Amino acid sequence: MSLVFAAGRLLSGASRVAWRKTSLCGDPRRTSARQICSRLVTGALWSENKVTVNFINRDGERITVQGSPGESLLDVVVNQDLDFDGFGACEGTLACSTCHLVFEEEVYHNLGPVTDEELDMLDLSYGLTDTSRLGCQICLSKSLDGMTVRVPESVMDIRQSGGSV
Amino acid sequence: MRPATKASLFSVIKVLRASCRYNVGCTYGSGFSAGHRSFSSPPASPTKVCVVGGGPAGFYTAQSLLKGSPHIQVDIYERLPVPFGLVRFGVAPDHPEVKNVINTFTQTAQHKRCHFLGNVHVGKDITIQELMQAYHAVVLSYGAEGNRTMGVSGEGLPGVYSAKDFVGWYNGLPCNKELQPDLSHETAVILGQGNVALDVARILLSPLDLLKKTDITQNALETLAASKVQRVLMVGRRGPLQVACTIKELREMVNMPYTAPDMLPADFQHVAQALADLPRPRKRLTELIMKTLNEDHRGRQGVKRWGFRFFRSPLEVLPSADGSRASGIRLAVNKLEGVGDAVTAVPTSEVDEIACGMIISSIGYKSLPIDPAVPFDFKRAIVPNNMGRVEETTGLYCSGWVKRGPTGVIATTMNDSFDTARTILQDLESGAINVSVSRPGSSEVVPLLEKRGVRTVSFADWEKINAEETKQGTAVGKPREKLLDVREMLAVAWT
């Protein structure tokens, strides 16, 4: 069973990164064969070249995973099968705000420029903060190793208000 | 490895992993509900849930229920032979990324504990009471197929359309295929300034070269190719700070080639000083509208124009001289009262008129009652409910627009559907729904429908329609050419 999982993770990670063109980091509109190859090589085979990411989910639990440089945070969530309900509904095409993530302040300022298109969708997210970004637009690099990101609530939680709407 | 092979290999692996996760009962990182755990003692027979409506609300509710318990089977009933509701018939043809959610709906429909049953008109072919007898729980997710009316005289004149019908027309909704909108006049006025109004304006003014590569219907493409519409004005009751559209859609209009904005600076009198105190989303949106004021497009020739007109409410649709069609709209001029989000428009004695040959009212969709046995709040046009439990009933739930009202994007409906599913799972666990009695589900419903002359369309049948539409679309350089006729859909489905 574990062999199936390991093989599945390898294949699904590689296949997911390779065929989903629109979520390629830094290049949301274009595909580059070299990028695909370099990503397959770095991501799939060289485990030293990994970036550790800590996610705090909506229950406050910490989940630590490893991604590869060049993967977007949405890729990481999908490839690591992280169970965040409704995350990444538009599959990384800047047509929704469900991959909204909240970053630590110092990390946020090192994340690179945000486009108008990302801000336009981010503006619709629930619980927008000053250190919010869309996960599909953030690419992993070694400089982000060990960061912690929070998955915010996507809607006002009715449970918190005692059940009344 | 070719992408198709990779994708199918990937989905095989995903199904393996998903079924392993369900059987082991692992709830790793569920993030779903702090209180939810799988059943300690499974019920004697499967829990059968019926979802009425095959749009985003129906699919997201089903998805959440299937994930929340390994004992639940979900049947999704849909009136049309084709699934996906407004994702197929509402989302604009030039927004294909928004339709990516169809991939997750397809996975849900193909789940071994889920069945799609199309071509079933709930409320006519079968009653809600009959469904409640056959299933442990019934979820109403049938959306809003009506529209709010302006309630002014002349509204019935030729040349006046609801945005719901106009959008349905260019998106291939079978009941709108005969709309034949008259695009032979220079000015079109849209009442409303939400994203639907922006979609309509954008489709009216988009260069054909862009539209012809989308899944817009061929009929709409040909009609738009012959269109004489040069100017589209979107009219709203309140001011620029209350405009209901979002910035992505506005930016698309600002960036539309061969067009220029047409705004009235007088409408923006107090806006600049309010900017500093606005939250970022509203501030960026307002700054973008104001940017259009500062650019001088007056001298430009040969461009189509689009703009907002603020502080106006419809009073009357004016007929042409021979009374045969609409030729203009008379509007009350409003002033604003109140502060913040509670600002309301109050008519003054001043009136205004805009000459136009086409009027599209985009002031809201509206849900309709489905069955006399189901309570309905006619004032709010929703099914009255408490956290998704329909009032005065047991075992009846609702999700999506029919529960909350017809606003919000797909993600809003998604979260709402997850909420209803959570309520149902709680009721199953607490015993509020009695699962000790087994229910027959579709094994009772399908024979009953057949006796009434209704044959269902399975998801595999839809995939034949899907393949045919894709094939026809590819032949003309489009992602699909939608079938417009229900009989044609059924003929393909049942080959």
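Which residues of chain B does UniProt list for "domain: FAD/NAD(P)-binding"? The unreviewed entry gives residues 48-204; such annotations may be inferred rather than shown by experiment, and positions follow the numbering used here.

This is a predicted model: local features need pLDDT of at least 70, side-chain atom pairs count only at pLDDT 80 or more, and totals for chains, interfaces and linings use all residues. Residues are numbered from 1 along each chain as written, chains are lettered from A and ligands numbered from 1 in written order, and side-chain values use heavy atoms, without hydrogens or water.

**The span and its strands**

Residues 48-204 of chain B are 33% helix and 18% strand. Helices (H or I, at least four residues) and strands (E, at least two) are DSSP runs, numbered from the N terminus. The end C-alpha atoms lie 45 Å apart.

Strand E1 of chain B covers residues 47-52. Six of its six residues are buried, so the rest of the structure largely encloses E1(B). Buried means under 20% relative accessible area, exposed over 50%, partly exposed in between (1.4 Å probe, protein chains only). B:Thr47, B:Val49 and B:Val51 point one way, and B:Lys48, B:Cys50 and B:Val52 the other.

E1(B) pairs with two strands, listed below. Pairing takes at least two DSSP bridges.

| Partner of E1(B) | Sense | Bridges | One bridge pair |
|---|---|---|---|
| E2(B), residues 72-77 | parallel | six | B:Val51 and B:Ile76 |
| E4(B), residues 137-140 | parallel | four | B:Val52 and B:Leu140 |

**Cysteines**

The structure holds zero disulfides over all chains. A disulfide is a pair of cysteine sulfur atoms within 2.5 Å. For A:Cys90, the nearest cysteine sulfur, that of A:Cys96, is 3.7 Å away. B:Cys398 is buried at 0% relative accessibility.
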